[in-house]
Amino acid sequence: MIDLNKMNNQLLINEKYDFDENYYKNTDIRKLDNVKFEGKLYYDYEDNLKLEGICNGIMILPDSLTLEDLEYPFSFEIDYVIDENNDEIKEYFEKMKNTLDIMGILWQNIVLEVPMRITNSTIDEIKSAGDGWDIKNEKKKEIDPRLAKLTELLDDTGKE
């Protein structure tokens, strides 16, 4: 929690944040490590509270193929106007106590950094087939064996 009473023109922030498992229990994120925010909090010319800075850290995510834990470093910039009338912000901003919790704002931005798929490119021996399943190569066009006779028919009609 940031005490806004201690703020003059601006408040410099250089903090590490530990996110509880409750934040990411329904996401692909298995763990967040070394989450750090470095920036400033200030009132702009319209008297809006503004948060600017850089957040970085490491996400532990499952490999898309093997489901092993992989470290995924992230870094992003935040340029956020904290509007007291915005319903999203009300849960982080308590006007009576004049405090602000930026963890929710950081979390919203961290979730946007989660990649759709991630895999360890150094793995050479990935099992590509098993009992009733196989990984399809999108570049290699395979013909369904049930339709193979039709391709022979198409090849024969082109010869006439």
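Tutor: E3 and E4 are paired antiparallel, with eleven bridges between them. Strands here are DSSP runs of at least two residues (helices, H or I, at least four), numbered from the N terminus, and two strands pair if DSSP finds at least two bridges between them. This is a predicted model, where local features need pLDDT of at least 70 and side-chain atom pairs count only at pLDDT 80 or more, while totals for chains, interfaces and linings use all residues. Residues are numbered from 1 along each chain as its sequence is written, and side-chain values use heavy atoms, leaving out hydrogens and water.

Student: What about the hairpin of E4 and E5, how many residues are between the strands?
Tutor: Six, and Leu67 there has a positive phi near 65 degrees.

Student: New topic: is E4 mostly covered or uncovered?
Tutor: Mostly covered, with ten of its 14 residues buried. Buried means under 20% relative accessible area, exposed over 50%, and partly exposed in between (1.4 Å probe, protein chains only).

Student: Which residues does Ile110 touch?
Tutor: Leaving out residues up to four places away in sequence, Ile110 touches Phe19, Ile29, Leu32, Val35, Met59, Phe74 and Phe76. Contact means heavy atoms within 4.5 Å.
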